[in-house]
Amino acid sequence: MHYYIHIPLPKSLIKRILDIENKYKKPSSSNPHITLIPPAKLKDKKSERGLVDRVTVSINSLKPFAVNLKEVGYFGNRETIYIKVDRDTSIVDLQSKVFKEVSNVINFSLGSFIDFSIPHITLVKGLSPEDGYGAWKELSREDFSGQFICDKIVLLKKRQGHRLWCTVDIFKLG
């Protein structure tokens with residue numbers, strides 16, 4: 001079983017991104033979000049309850065904060081196109097505290113994610129270079145700038161052999 005933790009998005013932004021995923025026929029296995037902790041397995045002799053407890057501890061002192069959305073960017077050869085998220089103190093602090101608490105419970109396989117250098121919201125991924133170029137040309141002209149309040153984070157899990165992620169718990173900030 002794999003677990004991951006994310007910041008959920010406002011419904012209006014989720015709908016807009018799902019429309020983009022559908023347009024490019026690249027549906028995701030979870031709702032659009034900002035990943036805080038990438039998919040990982042529990043360490044030996046660790047439990048889901050222990051993971052929930054660590055996430056609860058990590059956010060105890062944190063208050064809701066504004067998340068600022070910026071322009072569109074891409075990874076690689078435009079195979080993944082995303083909305084850039086302002087890497088301000090509040091979001092970095094949230095990710096850092098959650099990472100510190102859960103690192104004793106889950107195994108991380110993505111070492112480069114630890115520094116949370118590019119917080120983002122994926123618009124579409126898995127594109128060929130040709131499709132990526134066309135999508136980039138179109139999506140880079142759209143305005144995704146804006147702001148929403150992060151007042152919760154979500155822990156999800158995916159069972160072996162399943163495609164979709166399901167919610168384990170929702171943790172309110174403040």
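Ile 5 sits opposite Ile 37 of β2 in what is a predicted model. The strands around this spot, β1 and β2, run antiparallel and are joined by six bridges. Zooming out, β1 and β2 belong to an open sheet of five strands, ordered β5-β2-β1-β8-β9 and paired in antiparallel fashion.

Helix α3, for its part, lies across β1, β2, β5 and β8, and runs at about 10° to β2.

Now for a closer look at α2. This helix takes in residues 48-59, 12 residues in total, and spans 17 Å from its first C-alpha to its last, close to the 16 Å expected at 1.5 Å a residue. Its buried residues are Leu 51, Val 52, Val 55, Ser 58 and Ile 59. These residues fall on the same side of α2 because they cover an arc of only 125° around the axis.

As for what covers the buried residues of α2, the list includes strands β1 (2-8), β2 (33-42), β5 (106-107), β8 (152-158) and β9 (166-172). Helix α3 (89-102) also contributes to that cover.

Terms used:
Residues are numbered from 1 along each chain as its sequence is written. This is a predicted model: local features need pLDDT of at least 70, side-chain atom pairs count only at pLDDT 80 or more; totals for chains, interfaces and linings use all residues. Side-chain values use heavy atoms; hydrogens and water are left out. Helices (H or I, at least four residues) and strands (E, at least two) are DSSP runs, numbered from the N terminus. The expected span of a helix is 1.5 Å times one less than its number of residues. Buried means under 20% relative accessible area, exposed over 50%, partly exposed in between (1.4 Å probe, protein chains only). The arc is that of the directions from the helix axis to the C-beta atoms. Contact means heavy atoms within 4.5 Å. Two strands pair if DSSP finds at least two bridges between them. Axes are lines fitted to C-alpha atoms, for helices over the stretch in contact, and angles run from 0 to 180 degrees between N-to-C directions.
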